[in-house]
Amino acid sequence: MKSYTTLVLSMVLLAALSGCNSLSSSGPQFAMNTQPFADGSKAIVYVYRINNGRCVGRVGMSADGKKITEIGDLEYSWCRIAPGDHIFRAEWGLMDKPMFEEGHFDAKTLNVKIEPNKIYYLCYSIRENDNPTTMLESSGLLGKALSKSHVTSVEFLSEEEALGLHNIRTCVYRESGMRK
């Protein structure tokens, strides 16, 4: 039993120390000509995440309590949704939530009135200062935990089409569980 406990603790520690190296996006990059069209009775909602370069886990995205997907840095997904008032939520899982961030990563909600045959762009944005990453921070999650945070704000907001298209174009696709 002792060796099993040691093995489990070693695996948890290894995962924590590896930081975001295990997160990689492999989907295709956003291209407008390959995107879905609103079908007349529903709208298309894009959810995506941008920041300025430091990798942090994946944040869960949901609409009215139904999971859309979990997105990492520079990832996007989409879903079709019926018209009406909807509550979108961005919430970190216990294992993905960045530690020691002074409330920046608390759950965020966004109320959106969805109209049929429109496209919406919902952006989860992590803003950080421009201070260089220290050697301690680059050593993994433990190093980040012992260092001063670079995060200045975390926002979940609806963006106008022009800004949404500008921001999402650098993102890669992540599968949605809510495509219908």
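Q: Is aspartate 39 buried, partly exposed or exposed?
A: This is a predicted model. Aspartate 39 sits in the loop between helix 1 (2-17) and strand 1 (43-51). Partly exposed covers the range between buried, under 20%, and exposed, over 50%. The relative accessibility of aspartate 39 is 46%, so aspartate 39 counts as partly exposed.

Q: Which residues does aspartate 39 touch, not counting residues up to four places away in sequence?
A: Aspartate 39 and arginine 80 are 41 residues apart along the chain. Their C-alpha atoms are separated by 8.8 Å. Contact is judged on heavy atoms, within 4.5 Å. With sequence neighbours up to four places away left out, aspartate 39 touches Arg80 and Asn117.

Q: What kind of pair do the rings of tyrosine 76 and tyrosine 173 form?
A: The ring centres of tyrosine 76 and tyrosine 173 are 5.5 Å apart. An angle over 60 degrees counts as edge-to-face. The planes of tyrosine 76 and tyrosine 173 are at 65°, so the pair is edge-to-face.

Q: Which strand holds tyrosine 173?
A: Tyrosine 76 lies in strand 4. Its pair with tyrosine 173 ties together parts that are 97 residues apart in sequence. Tyrosine 173 lies at residues 172-173, in strand 9.

Q: Is tyrosine 76 buried or exposed?
A: Buried means under 20% relative accessible area. Tyrosine 76 has 3% relative accessibility, so tyrosine 76 counts as buried.

Q: Which residues form one aromatic cluster?
A: Tyrosine 46 and tyrosine 76 are both buried. Tyrosine 173 is buried too, at 15% relative accessible area. The cluster is made of Tyr46, Tyr76, Tyr121 and Tyr173.

Q: What value is phi of leucine 74 near?
A: Leucine 74 lies in the loop between strand 3 and strand 4. Most residues other than glycine have a negative phi. Leucine 74 has a positive phi, near 55°.

Notes
Residues numbered from 1 in each chain as written. Predicted model: local features only at pLDDT ≥ 70, side-chain atom pairs only at ≥ 80, totals over all residues. Heavy atoms only, no water. Helix = DSSP H or I, 4+ residues; strand = E, 2+ residues; numbered from the N terminus. Buried < 20%, exposed > 50% of the residue type's maximum accessible area, 1.4 Å probe, protein only. Phe/Tyr/Trp six-rings, centres within 6.5 Å; stacked < 30°, edge-to-face > 60°.
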